[in-house]
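Please keep the sequence and the coordinates at hand while reading.

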Amino acid sequence: MDCLPLHTLQTVFGFHAFRPFQEEIINRLMAGDDSFVLMPTGGGKSLCYQIPALHRHGVAIVVSPLISLMKDQVDALRENGVAAAAYNSSLGERDSRQLLARLHAGELDLLYVAPERLMNDSFLERLREIPVALFAIDEAHCVSQWGHDFRPEYVALGRLRGIFPGIPLIALTATADHQTRNDIMERLGLADAQVYITGFDRPNIRYTVMEKRKPFQQLQEFLGTRPDEAGIVYALSRKRVEEVASKLRELGIEAAPYHAGLADRERSRVQEAFLRDDIRVVVATVAFGMGIDKPNVRFVVHYDLPKNIESYYQETGRAGRDGLPAEALLLFGYGDIPISRSLIESGTNPEQVRIELHKLSAMIGFAEAGSCRRGALLGYFGQRLEEPCGNCDLCLDPPDSFDATEEARKALSCVYRVGQRFGAGHVIDVLRGSKNERIRQLGHDRLSTYGIGAHLAAEAWGSIIRQLIHRGYLQQDLANFSVLKLTPSALPLLRGEERLVLAKPRIKVAEAKKEPRR
Ligand code: ADP
Ligand code: ZN
């Protein structure tokens, strides 16, 4: 093909212009280089490899985990006149043979294939005999245990880079925090890949976090100021969902509960009524939202703390699809933390538990952020925001700051005194002079930092320590029970050469109780 990608975009796909970064990603792939693309769902990842597939010689091999995803893509491509096909377990023997014949005859522009089919030795042998334009690995987070949808069959894809050294490879995903990203790139052999992270910002959504005091009353006030708008209220348990929905109904608000415990029929009824604007508020567990495409959802309220930033982003992202102003309100109470924590800790896979606890603490960090929420949110996905957004609670009403030098020093020296071998819970117990057995056995009641922080509640210390992590004074060794360690930036602070000003948490922390906890 002897024309520009833009021309293909217009003539084959019928779009006027590229979205940010699409063209760069396409050019890089066309030049034969590897890329890693992190872009939210609906961002336009597919074109990034579909257009190079049409421009480069040979067939583009696209790895996709689900037959249904493959089918949608192949159907859409065929409608645009592109020679695309899917090779997966839904094909009978004859169809498979026919497909392979077309592959060898060079008749295909794109072939979608399941990972276990692709990595089958005889299939790899075939691919060596024909020109391959590129490899695209969709839903690339499936290769990582850090991701939320690990698939063992993806692991074998790590061999691709080595087997086909001259063919460009592009990995794409909509969800990956820092660790997942590194893990994906390492596993897929993408050391030289260019990383593109883009499209996460939803500028029309205003993010607000409020201290959770009397959540129902807070919700009622929130709804009262926008009587004509529709939205979703997320709560953690089915029981809570039922409770909140029925209280709203008592107030005369058209609300309905939605959770996995309801009959299918009831769930689709609620979904449809919400789409038709017959229901104003759906109170739901995380079960609600998949495949909901209601453009005029004006608000999403989190009644409880989401379990990680990925979920929070996805759930709040259901607001304002029409591009008009929308609200995301999170009610955040420290009381929610132990509940979320114990839910996670009841898991059976220790590796998974550790990862999820880490993600929860990032979520808490977001709720405690002292500066622009949008900056924190985009930062989590690795996208930089150049300036504070001007459309979140912290930008609109900046918090006071306070001198946290003394507290920070106490916390850092305590981390040091316990030998940088313990997690936040233990450090806090030592700071607060807790009388538990473990502390006595370890002799930590004889440390100079024992009890120097008794004036603050455990929650307050938790918040300070989390902020120290976010600000880069402490790091958590995730491979090792979230043990806290000092970073080099901690030294000037410890030596008294530097002062630390933290944003005063908007969330008020309970006064220290007389008795240390536990
Ligand atoms: P993703 O794979 O990132 O979830 P898709 O590739 O399915 O997203 O794209 C989402 C939607 O955006 C599709 O309907 C696609 O046709 C559309 N789209 C992608 N790029 C453009 C563009 N440059 N202009 C207009 N629409 C686009
Ligand atoms: Zn902001």
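How many of the nine residues of helix 17 (residues 373–381) are buried? Seven of the nine are, so helix 17 is largely enclosed by the rest of the structure; a residue is called buried if 20 or more other C-beta atoms lie within 10 Å of its own, exposed if 12 or fewer do, and partly exposed in between, with C-beta atoms placed from the backbone. This is a predicted model, in which local features need pLDDT of at least 70 and side-chain atom pairs count only at pLDDT 80 or more, while totals for chains, interfaces and linings use all residues. Residues are numbered from 1 along each chain as its sequence is written, and chains are lettered from A and ligands numbered from 1 in the order in which they are written.

**Helix 17**
- The buried residues of helix 17 are R373, R374, G375, A376, L377, Y380 and F381, helices (H or I, at least four residues) and strands (E, at least two) being DSSP runs numbered from the N terminus.
- These buried residues pack against several elements, among them strand 1 (35–38), strand 8 (205–211) and helix 16 (350–367), where contact requires C-beta atoms, placed from the backbone, within 7 Å.
- G382, which follows helix 17, has a positive phi near 95°.

**A411**
- A411 belongs to helix 19 (residues 405–417) and counts as buried because it has 28 C-beta neighbours inside 10 Å.
- Leaving aside residues up to four places away in sequence, A411 touches V427, L431, W461, I464, I465 and L468.
- The C-alpha atoms of A411 and T449 are 8.6 Å apart, although 38 residues separate the two along the chain.

**Strand 10**
- Strand 10 (residues 255–258) is covered on both faces, with A255 and P257 buried on one side and A256 and Y258 buried on the other.
- Strand 10 pairs with strand 11 (residues 281–284) in the parallel sense over four bridges, pairing being assigned if DSSP finds at least two bridges, and Y258 stands opposite A284.

**Ligand 1**
- The surroundings of ligand 1 include F15, R19, G43, K45 and S46, a residue being near if its C-beta atom, placed from the backbone, lies within 6 Å.

**Whole protein**
- The protein has 23 helices and 17 strands, and 42% of its 518 residues count as buried.
- Its C-alpha atoms fill a box of roughly 80 × 55 × 40 Å, taken along the principal axes.

Conventions
Contact = placed C-beta atoms within 7 Å.
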